[in-house]
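Here is a short walk through one protein chain. Keep the sequence and the 3D view side by side as you read.

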Amino acid sequence: MVGRVLLFLVVVAGSGCGAGGGASGNACAQVATINQSCTTDTDCVAVMHTTSCCGSEHWMGIRVSEQSRFASLESACDKTYPGCGCAAGPPDTDDGSIVELTATAGVSCQAGTCRTFAQACGQPCEAGRSCTTCTGDAGAASFCTLRCTQDTMCTEPGRTKCQFSFANGVCVDPSTACGAF
């Protein structure tokens with residue numbers, strides 16, 4: 001376990017690149033330089049970027065005209081990751097929400113930058129919030145809710161329980177069943 005954590009920290013500290021670095025390793029760092037500027041939502045597209053050797057992925061918003069460049073860089077970056085034998089968590093978005101493995105992220109132009117979000121909520125969540133889906137007496141509902149690490153951080157009426165899935169915690173109604181987030 002310690003070896004996996006240490007490897008994860010090395011991967012994160014090394015701009016998301018696997019062992020070897022070199023010219024192909026630069027592709028990982030270059031992904032961060034992809035143009036994300038926009039004036040309207042139609043300028044944007046959501047793409048999936050692998051962020052660790054475990055296969056964890058992040059939906060990022062980029063300018064439509066950058067899709068080909070992104071695909072080339074992403075392919076080169078993926079080749080630099082060593083096989084590390086750990087499980088990937090679910091993909092996340094620019095607003096910090098988690099997207100189900102079978103779903104795609106939404107994307108919109110926000111203050112001149114393409115940004116991704118969980119489509120279940122229909123819009124980006126505000127800072128400090130994540131989209132989650134819970135099932136209660138009225139059926140399933142998705143909403144942006146506060147992120148948390150303990151119950152005392154859940155200050156909104158009706159959402160007083162900090163529920164964890166993977167490494168994330170969100171405030172939910174204690175009487176509902178919430179999915180992976």
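In this predicted model, Cys154 and Cys171 form a disulfide, with 2.2 Å between their sulfur atoms. The link is left-handed, at -85 degrees about the S-S bond. Cys154 sits in the loop between strand 6 (139-146) and strand 7 (161-165), while Cys171 belongs to strand 8 (residues 168-172), so the bond ties together parts that are 17 residues apart in sequence. Both Cys154 and Cys171 are buried.

How many disulfides does the structure hold? There are 9. A disulfide is a covalent bond between the sulfur atoms of two cysteines.

Another of these links joins Cys44 and Cys114, whose sulfur atoms are 2.2 Å apart. This link is left-handed, with -80 degrees about the S-S bond. Here distant parts of the chain are linked: Cys44 is in strand 1 and Cys114 in strand 4, 70 residues apart. Both Cys44 and Cys114 are buried.

Now turn to Cys28 and Cys77. Their sulfur atoms lie 2.3 Å apart and form a disulfide. The link of Cys28 and Cys77 is right-handed, at 105 degrees about the S-S bond. Cys28 lies in helix 2 and Cys77 in helix 3, so the pair ties together parts that are 49 residues apart in sequence. Is Cys28 buried or exposed? Cys28 counts as buried because its relative accessibility is 4%, under the 20% cut-off. Cys77 is buried too, with a relative accessible area of 0%.

Strand 4 also has a partner strand. Strand 3 (residues 105-110) and strand 4 (residues 113-118) run antiparallel, joined by 6 bridges.

Next comes the nonpolar interior. In soluble globular proteins, nonpolar side chains tend to be buried together. The largest nonpolar core here has 15 residues, and Val47, Met60, Ile62 and Phe70 touch the most other members. Which elements each supply at least two residues of this core? They are helix 2 (22-31), strand 1 (44-50), strand 2 (57-63) and helix 3 (67-78). A second, separate core has 9 residues, including Ala46, Trp59, Val99 and Ala105.

Finish with Met60. Leaving aside residues up to four places away in sequence, Met60 touches Val31, Gln36, Val45, Ala46, Val47, His49, Phe70, Asp94 and Thr116.

Technical notes:
Residues are numbered from 1 along each chain as its sequence is written. This is a predicted model: local features need pLDDT of at least 70, side-chain atom pairs count only at pLDDT 80 or more; totals for chains, interfaces and linings use all residues. Side-chain values use heavy atoms; hydrogens and water are left out. Two strands pair if DSSP finds at least two bridges between them. Helices (H or I, at least four residues) and strands (E, at least two) are DSSP runs, numbered from the N terminus. A nonpolar core is a set of buried Ala, Val, Leu, Ile, Met, Phe, Trp, Tyr and Cys residues joined through side-chain atoms within 4.5 Å. Buried means under 20% relative accessible area, exposed over 50%, partly exposed in between (1.4 Å probe, protein chains only). Contact means heavy atoms within 4.5 Å. A disulfide is a pair of cysteine sulfur atoms within 2.5 Å.
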